[in-house]
Amino acid sequence: MSTVITAIEYTLGSESLPQETLEARFGKEAMDKVLKASGIRHRQVAPAGICGSDMAQESAERLLQSTGFNRSRIDLLIFCTQSPDYFLPTTACLLQDKLGLEKGCAAFDLNLGCSQYVYALGVAHSMIASGLAQHALVLTGDTMTRTLSPTDRSVVPLLGDAGSATLLRASHGAGFLGFEFGTDGSGAKHLMIPAGGFREPHSAETSIARTDAEGNTRTRENLYMNGLAVFQFAVRVAPEIVRKLLVKLSLSMEDINLFLFHQANHYMIDYIVRKLKIPPEKTHFHLDDIGNTSGTSMPVVLKEAVRAGKIKPGALVMLVVFGVGLSWAGTVIRWPDDSGGAAA
Amino acid sequence: MTRDEFIREFADIVGEDAAKLTPDTKLAGLEGWDSVAYLSVVVLIDDRLGISVGPEALQSATQVSDLLALGDSRFSS
């Protein structure tokens, strides 16, 4: 038995962060360079008071409305986030109540960043395929822009905020063919918020802003990214995921109809695509006007690829995600036909 | 790829005149030697020379000769 995605919806942060605003902050020349490398010319960010869970909830309500699916049939809710509403309780419990799901619904958070979506699909798939659940709602939602120092040019131009909802159910035909997961915690230091948790609690010291060698100012409570290290990690691991999945599933590059990568930035994905000799028409982008939306970037680009007509019934689609942790994952999906009810 | 071709492509990346770059040119003195240039050099070395450069190796490079050394074994004459 496999599991199919039957619908996807997403919600972007409602505030615009245009290039002009950042040109005024960082200078036009600096922003032109960032634009050339990232391809990101506009971002959508969440306004104050809006949490990742709010954008996930809005996406879920739209999904339930558009599909007419009876919410009482959902018995598994996974909320993927690294910007939860509270330290505790688990945000998924709050979402179970806000969405009016049954009390018999299992609900938990999955704390990963850019790799979260494929991990959550894997967990939902294994619970459905083993009979532990029937219908799963996988939600994502993050407000990573709120963790940034506004004067940190290495991250502010790249990130946006968003949330999403994906509905899954059992299938006897199409669905997930296999998964690949991986972790390298030795690279944790390259992408992290060092202070504010229990290892290094908030203090006067952690709130002091310091300027690094590249002229970026941040505190230890802000997101830090070693862009070069993360880039090198991504361009090494993404082709590895692709190759391992192909070997595991006895498939060739030619068998895959569409390769979708975590929408980190254009330069990185272009390079990965070139390295793997993937024809441009066999991938899809959706980040130039919204920014890198962390774990929500994959459901966004998947939905947009469907909308663009790039995923036909029966197509093989490979999803490849990588990021903070360092953590990575990939999966291959045989896209269902219309009778599978997979109108995303 | 020869050493001269590498220097020409590197000059393009940092927006300098290739004729003015020598192995002794200090990277810190180049206005265009920033994080975007870092990425471009990683891609250049990987793409054209087939060598995957680690972050420490590139970040410890101080002059053009250090970049040439990263691809040393693969340059054609």
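Three salt bridges are counted between chain B and chain A in this predicted model. One of them joins the side chains of Asp46(B) and Lys275(A), with 3.0 Å from N to O.

**Where chain B meets chain A**

- Contact between the two chains involves 17 residues of chain B and 14 residues of chain A.
- About 1,400 Å² of area is buried between chain B and chain A, and carbon and sulfur atoms give 54% of it.
- Six residue pairs are in polar contact between chain B and chain A, counting pairs with both residues at pLDDT 80 or more.
- On the side of chain B that touches chain A, the elements giving two or more residues are helix H2 (35-49) and helix H3 (55-59) of chain B.
- Of the elements on that side, H2(B) gives the most, with nine residues.
- Sorted by class, the side of chain B that touches chain A has eight nonpolar residues, five polar ones and four charged ones.

**A tilted ring pair in chain A**

- Why is the pair of Tyr119(A) and Phe181(A) tilted? Their ring planes stand at 45 degrees, with the centres 4.7 Å apart, and the tilted class takes the angles left between stacked (under 30 degrees) and edge-to-face (over 60).
- This pair links distant parts of the chain: Tyr119(A) sits in helix H5 (residues 116-129) of chain A and Phe181(A) in strand S8 (residues 175-183) of chain A, 62 residues apart.
- Tyr119(A) counts as buried because its relative accessibility is 18%, and the cut-off for buried is under 20%.
- Phe181(A), with a relative accessible area of 38%, is partly exposed.
- Tyr119(A) and Phe181(A) also belong to a cluster linked by ring pairs, together with Phe176(A) and Phe179(A).

**A stacked ring pair in chain A**

- Phe231(A) and Tyr271(A) form a stacked aromatic pair, at 6.1 Å centre to centre and 15 degrees between the planes.
- Phe231(A) belongs to helix H6 (residues 227-248) of chain A and Tyr271(A) to helix H7 (residues 266-275) of chain A, so this pair ties together parts that are 40 residues apart in sequence.
- Are these two residues, Phe231(A) and Tyr271(A), buried or exposed? Phe231(A) is buried, and Tyr271(A) is buried too.

How values were computed
Residues are numbered from 1 along each chain as its sequence is written. Chains are lettered from A and ligands numbered from 1 in the order in which they are written. This is a predicted model: local features need pLDDT of at least 70, side-chain atom pairs count only at pLDDT 80 or more; totals for chains, interfaces and linings use all residues. Side-chain values use heavy atoms; hydrogens and water are left out. Rings of Phe, Tyr and Trp (its six-membered ring) pair if their centres lie within 6.5 Å; planes under 30 degrees apart count as stacked, over 60 as edge-to-face and the rest as tilted. Helices (H or I, at least four residues) and strands (E, at least two) are DSSP runs, numbered from the N terminus. Buried means under 20% relative accessible area, exposed over 50%, partly exposed in between (1.4 Å probe, protein chains only). Contact means heavy atoms within 4.5 Å. Buried area is the accessible area (1.4 Å probe) that two parts lose on being put together, summed over both. A salt bridge is a side-chain nitrogen of Lys or Arg within 4 Å of a carboxyl oxygen of Asp or Glu. A polar contact is a pair of N or O atoms within 3.5 Å; within protein, one must be able to donate a hydrogen and the other to accept it, and residues adjacent in sequence count only if both atoms are side-chain atoms. Ala, Val, Leu, Ile, Met, Phe, Trp, Tyr, Cys and Pro count as nonpolar, Asp, Glu, Lys and Arg as charged, and the others, Gly among them, as polar.
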